[in-house]
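Dear colleague,

My notes on what was found in it follow directly below.

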Amino acid sequence: MARQRLSLSPPLDYLGYDGGAGIGSGPGMVVGAALALKGSGRVPLAILGDGDLIMGINALWTAAHHDVPLLIVVANNRAYYNDIVHQETAARERDRPVENKWVGQRLDQPLVDIAAMARALTTSMTVGLGFLILVVALQAMLG
């Protein structure tokens, strides 16, 4: 399969950025985009980290309440990973044990059931997780 690139042109094709300056903002951003696109025939796709989604998951209720379609793919590494990188840097600079970088940053023991949280807030929406959803969404976007 030949490599294809998405042709993105503002303001309707891309919203956001990468890099931890606002953990928890992703869900609200995609729901806001969905509200703005409602009735246009366009559906926003968001790829969010699990920590970002968990911090702002209540935004899904707004999407369900206003009956707006959206697709969220969760990159689930079971951690607030951006902060783990920061904790490691701080530990090295302060001559503290680097192995403690995970303290307060892991999202396991118990594992967070993100799908169950989403279902609890979105009874009128379909919640599904998995690779197939991503493949279908990307195929639709790439034509």
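E88 and R92 both lie in helix α4, four residues apart, which is about one turn of the helix; helices here are DSSP runs of H or I of at least four residues, strands are runs of E of at least two, and both are numbered from the N terminus. An α-helix has 3.6 residues a turn, so residues three or four places apart point the same way. E88 forms a salt bridge with R92, with 2.6 Å between the closest N and O atoms, where a salt bridge means a side-chain nitrogen of Lys or Arg within 4 Å of a carboxyl oxygen of Asp or Glu. R92 counts as exposed, at 55% relative accessibility (exposed is over 50% relative accessible area, buried is under 20%, and partly exposed is in between, with a 1.4 Å probe and protein chains only).

Before going further, please keep in mind that this is a predicted model, in which local features need pLDDT of at least 70 and side-chain atom pairs count only at pLDDT 80 or more, while totals for chains, interfaces and linings use all residues. Residues are numbered from 1 along each chain as its sequence is written, and side-chain values use heavy atoms, with hydrogens and water left out.

E88 also takes part in a salt bridge with K101, the closest N and O atoms being 3.0 Å apart. This pair links distant parts of the chain, since K101 sits in the loop between α4 and α5 (114-121) and E88 in helix α4, 13 residues apart. K101 is buried, with a relative accessible area of 17%.

As for the helix itself, the 13 residues of α4 should span 18 Å at 1.5 Å a residue, and the end C-alpha atoms are 19 Å apart, which agrees; the expected span is 1.5 Å times one less than the number of residues. I84, A90 and A91 are buried in α4. They cover an arc of only 125° around the axis, which puts them on the same side of α4, the arc being that of the directions from the helix axis to the C-beta atoms. On the other side of α4, N82, R92 and E93 are exposed. After α4 comes D95, whose phi is positive, near 55°.

Helix α1 can be described in the same terms. The buried residues of α1 are G26, P27, V30, V31, A33, A34 and L37. Seen down the axis of α1, these buried residues fall within an arc of 155°, so they line one face of the helix. They pack against β1 (45-49), α2 (50-55), α3 (59-65) and β2 (71-75). α1 is followed by G39, which has a positive phi, near 85°.

Finally, some figures for the protein as a whole. It has six helices and two strands, which follow the pattern α-β-α-α-β-α-α-α when read along the sequence. Buried residues make up 27% of the 143 residues. Among contacts between residues at least 6 apart in sequence, 76% join residues at least 24 apart, a contact being heavy atoms within 4.5 Å.
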